[in-house]
Amino acid sequence: MKVVRITDADQIRPLHVVVVCIGCATLAASCLLTSGPHRSILHDGAVEWGPDSALRAVVTVLNLDFSQTTAKGIAVKALSLGLGTSLALFALACSLGLRSHSGDEQSTDDITTEEAAGTDTSHQAQGGKKHIPILAAAQLLMVAFLGFSSLSSLWSDTPSIALGASVLLGIQLAWSYALGFGLNRKAGGAAAVGLVAVLTLTAIMAIAYYAERNSTLRASYPLGNPLFLAACLIPGILIGFGLVAGSIESSLKQKNTARLVPGLVALIAVAIMAIAFYLTQSRGPFIGLVVGLGAMAFFASGGRTKKIVGGMLVFSLVAATFFFLGTRDTFSATGRSSTIRVRLLAWSYALDLGVEAPLVGGGQGYYALHADALAAGEDVLADPQALNARIAHAHNEWLEIWCDLGSVGLVLIMAALAMTLWAGMKALPLLPTVWLRWVLIALLASLVALIVEESANVGLRLPGLPTVYYAVIGLIWAMSASAKTAWILSAEAGRLPRLGVAVVGLAVAGSAAMFSAKDFGAARATAQVPEAIGQLDWDKALNLTRRAQLDYLNPHDRLSASGQLCATYAEIARSFQSEAFRQARQAFEVDPPDERLIVLADRNQQQCVAVIQAGLNEVGQLLKISPSAWNSGVLESRFYEMLASFDQVGGHNDDVRAKLAAAASALEREINRRPYDPLLAASYVTKLDGEDILNAQLDVLARPLRHNPIPEQYLQLLSSLASQEDFDAKFSPIRAQFGATSAEQSAEEWLDPWMPEKLRLSAVILFSRNLPKLARMELQFATQLYDKIWEDAPVGAAACYAELADSSFFADMADPSDAIGAAHRALELAPQSELGRRIVAGVQSRMVTYFLASDQQENAAKLLRQGSPTVADEIIAAELGARYSRLLHGFLQRDSAGHNDRVSRWLERSLQMNPAYEAAWEEAELVTVLRESLNAGADMRMVLAFIAREAIQAHPESTDLVQLGAELRDLLGLEPESSSSQPAGQSLQDGTAATPTSP
């Protein structure tokens, strides 16, 4: 007898409840948890936590109480995805396995299964002929994409890296399959609501953190990047709008206002997420969101309206693209126009690399390892602001896929996504309820929005966004499925197929957990290396770095671990070298030399050389993996310098020259990619050799100053260059170019493209020779040239004006008006970037002194108050007093003739505002200051109190100070100190504790 069993495809079963809970927990962990280290130094713009901050307690909990710290702080998000995928697959596999042994399926030949009304029958063609359903085709194409990615390890030049990246991709796709097969339509809708709840909570954390902790930077917590946070919020906002629309439509159809309550709650959630989205100020995700809203209208409409909406959507996308491309060369106060240019450059590199193997690509991770080498040379010289960081990703997911996996890989993923969208569209009319239809519409729009957004982003290459992105795909699969498309879960599949799939599911679940744990362990190991080095535990440090190098899945992380291994070898070698030199020095400090120490020194030298050779081998391997690996040249140079130092001790001069030449060559490779790094430039110029190298040295040193203040390392280096006997003769032709250049000339007409920067270098040299007036003249000319190019070099221009302010002040401390004017101009030009904010902070700090010198004490106090709004008035007054004292000290170091009134006034205010301040001056200098102050009319009682309270304590054996005190007592008619019942300073204490006075 034939039995017909009617099933309800939308019935919520225990498996669905379990998978929904696992899914929401995984999304929450991936979005909210962090694993960052405890930082003692605040990030740019961050403020200290309040003493009773509730948010701090929450953040500490979300950061796992700093118990699982990693260097980046986002590694736990990838672990959350891996473990969540493993749990979901485990639940699904157990469900299949238990059902296969339940005995429910005996006599399946006599049983047919029919679904309740409202299901997809697209798998059947006319005449009953079956074909592969659209949804199944999408899922199979995803499997094919993963398989092709794994096969790319066969032709990749780094097979292990390609395979690791494919494993990472497999975990992410397994997350989609776990949701797609573990949920039905109704459960998928419930999971989508859970996704909105998680993203709303994420938005609340982002807003709270922005408001309390760091409102200077764009909102990024807890995802770690504004772009990633904004991209993750897109599905939440769109699904929220879908819930609102579904609530309104359901209320109108059923004429039940109670149906509006869920919509109102969803609208509040959308408002919260929209605020967080706005605080990210992210342009790519904004375009994606707009496209997503248009896609919602497209999927919700039908007939002619759908065509009109689709046309408008395409037109809007093209118009937005041209608009943003048009802003790539416009000035941006925040420097964000450069982010458009870096994308254009990154895309061009993807095209250059992709044409090398257009069909199959270079293998997973090929772009991440090789693209940055294309930036060296002309590109980085022409646009250093865009290329100031390593090109690790293409900033376009689809171009990077084409570069890595060729046209085959790109066609597979695009076809899979297109089939997924098609399957969702086919399922829309078949959904049983209005709210489910709107949820699926929002999910489809979210996928379209993320596809567009990832055309200018790298979010899918880093933890966080993949959990949301692949969850959207999985939920679309779940809500588009029927018992026929998910046949393996039905009774029709039979016991054996389901048992086989259960075994495969368990295997994949175990693999996902294992590889995710190893990847997280690699991130933990990377963070533990500095501690091991600090403890001089070399074996542990090397084991940790090798573990990270082997276990990381992400290609960029693997590359970073390889670089850290080279750096670890350098630290070990440096330690052995220091110990060898110390022992050798001590051995020859005695007569006869200590043979035991000589043997130990020789042993440490041999160990050092062995470590250096191992380090050089690792650098060679690193360069094979990535020809432009950052810092590889610096490390290689460091190894050769250590070898040269041993050769120098041994008197092998030819070997020394060869090693130093090799060190210079390594740095040259590095500086070709990073020509605007001031520290690298300072190191490189010391390796240059030849008869006439001054021009080359100044060129190398000048370039970084276009986008940087002058670093401290430059000061000693320039002083060393200027001390050479023939420096002035060699520098005179360069000075001649200064005179032959006019401020009216355009930048293209300058005799030297680095003219403003060389003027700044010249000013440093003049200042080091105590010629501030000449230095001011050089900087005044430099600022006139910077005014021509300030939009392209705002940092250099602001730094130059700050330097002009300093030189102007020291050239004439009695009249700081020019210094104040230059400082104001520096504040105007400083960009809204981390470096720009550092310039602003430094200029404002020095402006306090400028204001005090010009008798603008109120303005000085305002500046101090601006930087510390909650500090007590007494502390501000004390700081002003200390600044007066330092001002007086600096003023007396220079030409102070004829300004005794200033000396007296500044000393008086210093003593009034900060009577406990100890002047760190030499005895003779202090006596001179006090006598000049008295000659200028300083209050004798105040000076006497200062001598008794502070000066004598600082210089207890000073006869000059005792004599001056005695003279003042005589003039004031006071008894000698020996006959007084208490020290003179003590008797005058109350009279000197005056309040701050106005100028």
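**Note on the predicted model**

1. The accessible surface of the protein comes to about 44300 Å². Carbon and sulfur atoms hold 58% of that surface. Accessible areas come from the Shrake-Rupley method with a 1.4 Å probe, and for residues only the protein chains shown count as cover.

2. This is a predicted model, in which local features need pLDDT of at least 70 and side-chain atom pairs count only at pLDDT 80 or more, while totals for chains, interfaces and linings use all residues. Residues are numbered from 1 along each chain as its sequence is written, and side-chain values use heavy atoms, with hydrogens and water left out.

3. The protein has 39 helices and 2 strands. These are DSSP runs, numbered from the N terminus: helices are H or I with at least four residues, strands are E with at least two.

4. The protein has 999 residues, and 52% of them count as buried (under 20% relative accessible area; exposed is over 50%, partly exposed in between; 1.4 Å probe, protein chains only).

5. Take contacts next (heavy atoms within 4.5 Å). Among those with a separation of 6 or more, 76% join residues 24 or more positions apart.

6. Where does Ala 797 sit? Its place is in helix 29, residues 794-811. Ala 797 is buried, because its relative accessible area is 0%. Leaving out residues up to four places away in sequence, Ala 797 touches Tyr 786, Trp 790 and Leu 829. Pro 709 is 88 residues from Ala 797 along the chain, yet their C-alpha atoms are separated by 9.2 Å.

7. The whole structure has 0 disulfides (a disulfide is a pair of cysteine sulfur atoms within 2.5 Å). For Cys 31, the nearest cysteine sulfur belongs to Cys 232, 5.2 Å away. Cys 31 counts as buried at 0% relative accessibility. Cys 566 is buried too, with a relative accessible area of 0%.
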